[in-house]
Each structure stands twice: as structure tokens, then as C-alpha cells.
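The sequence and the model are shown first, and the description follows.

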Amino acid sequence: MDRRWIAGARVVDDQIPRASQRLTLMYQLGGGLRVGAEYNPRVGQVHPLLNWLALAETGRRPALILGTSSDRIGTPSGQSFYVTASKGLKRETGLPIAPYLGAAYGTFDDRLRGIGGLSVAFTEQWGALLQHDGVHLHYLVNFSSGPHTVSAMAVNGRDAGLSYSIAF
């Protein structure tokens, strides 16, 4: 089955209204390009989403990803523009890890921030992600089964959240 659409929903406890609820819909155009929209129902804001895999990862080269979304979680408004490089390191380390580093410009703070994180694949279905958005750390535990992904999160290292996405 060719799954070109991805729909998602996220709720986070103890966050400002914009960040407490989020709905997303993205479409895979091809060539590594996904486009879509994010809706924050508590404040009625809509933000464009774009994610482009500009360079695919190879045995020697990291992936290069560019995109845009709403500004980092915890900001009441704004758009973020980012570039990241990521590389799976299982072959080099024997560990199922994939770090990423990059930069994000946020219009709310009107500044460029260094971002990064580490993905760990425990099994084909279970994984974890540590993310630093340039200000705060976020922890996620992910479970995937077929087109479904569920994530439990600790936003800013404390605020509990849950997200769900489905590809179709």
C-alpha cells in the first residue's frame, strides 16, 4: 500500500494554549518532499508544514533535511525554519542510534538556535528520542505498528504529553 498521507494529533499537559493541542496533516509529494498544515485548535492558528529530505543518508554521508513548522513548543506564536543532518550509526558503533544536529530560526524569539537529538531503536516497534529544541530537552518513547505510531513524551523534561499519527 502506498501511504502518502500522514495525520497526527498531540496533547500536552501544563502547556500554553497553542502548544497544548495540535493537529497535523501532511502529504508526500515525492522526491523527499512532504507538505501540509498544522492546526492549533485552542488558539485557532494554522501553520504551514514542509519537510524536505534534500540528501538521503548513505554509508558515508548523513541525511540533510530542511523544513518549516510552528515555532518551538512553549512559544505562543511564530514559525520555525530548520536544517538538520542525521546519521544512523549502528554500523560504526554496533548500537541502534542515530544522532542529529542542526539549526532552527524561530520568528517568535527572532533568533537562530542550535538543535539536536538522539534516536534509539530498541526494537523494530519500540524506540526513544531525546530532542533539544535550542532551549529545552524533550523525551519521547515511541511505539509503531504498521501505519500507527504512538508517542509518550515529557515536554521540557516534565510536562506529560501523548501523540498519535497514522499513515494512509
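The side chains of K87 and E57 meet in a salt bridge, with N and O 3.5 Å apart; a salt bridge is a side-chain nitrogen of Lys or Arg within 4 Å of a carboxyl oxygen of Asp or Glu. K87 lies in the loop between β6 (79-86) and α2 (90-93) and E57 in the loop between β4 (45-55) and β5 (63-70), so the pair ties together parts that are 30 residues apart in sequence. Helices (H or I, at least four residues) and strands (E, at least two) are DSSP runs, numbered from the N terminus.

The model is predicted: local features need pLDDT of at least 70, side-chain atom pairs count only at pLDDT 80 or more, and totals for chains, interfaces and linings use all residues. Residues are numbered from 1 along each chain as its sequence is written, and side-chain values use heavy atoms, with hydrogens and water left out.

**Salt bridges**

Side chains of opposite charge can pair when their charged atoms come close. In this structure the count comes to seven salt bridges. K87 also meets E92 in a salt bridge, at 3.9 Å from N to O. E57, K87, R91 and E92 are linked in a network of salt bridges.

Another salt bridge joins R72 to D109, whose closest N and O atoms are 3.0 Å apart.

Buried means under 20%, exposed over 50%, and partly exposed in between (1.4 Å probe, protein chains only).

| Residue | Relative accessible area | Class |
|---|---|---|
| K87 | 13% | buried |
| E57 | 38% | partly exposed |
| E92 | 42% | partly exposed |
| R72 | 14% | buried |
| D109 | 28% | partly exposed |

D133 is placed in the loop between β9 (126-132) and β10 (137-145). Although buried, D133 has no salt bridge, and the nearest side chain of opposite charge, that of R72, is 4.8 Å away.

Which side chain makes a polar contact with the side chain of D133? The partner is H138, at 2.9 Å. A polar contact is a pair of N or O atoms within 3.5 Å; within protein, one must be able to donate a hydrogen and the other to accept it, and residues adjacent in sequence count only if both atoms are side-chain atoms. When neighbours within four places in sequence are left aside, D133 is in contact (heavy atoms within 4.5 Å) with R72, I73, R113, G114, I115 and H138.

L64 belongs to strand β5 and is partly exposed, at 28% relative accessibility. Its C-alpha atom is separated by 9.2 Å from that of K87, a residue 23 places apart from L64 along the chain. Not counting residues up to four places away in sequence, L64 touches W52, L53, A54, L55, V83 and T84.

S80 is found in strand β6. With a relative accessible area of 5%, S80 is buried. Not counting residues up to four places away in sequence, the residues that S80 touches include G67, T68, D71, Y105 and R113.

**Positive phi values and a surface patch**

D14 is not a glycine, yet has a positive phi of about 60°. D14 lies in the loop between β1 (5-12) and α1 (17-20) and is exposed, with a relative accessible area of 61%. D110, likewise a residue other than glycine, has a positive phi near 55°. The loop between β7 (97-106) and β8 (111-121) holds D110, which is exposed at 53% relative accessible area.

L162, in strand β12 (residues 159-167), is partly exposed, with a relative accessible area of 46%. Together with V11, V150 and Y164, L162 makes a nonpolar surface patch of about 320 Å². Patches are made of residues with over 30% relative accessible area and no salt bridge: like charges are joined within 9 Å, and nonpolar side chains (Val, Leu, Ile, Met, Phe, Trp, Tyr) within 5 Å. Accessible areas come from the Shrake-Rupley method with a 1.4 Å probe, and for residues only the protein chains shown count as cover.

Definitions and conventions: Lys, Arg positive; Asp, Glu negative; His and termini not counted.
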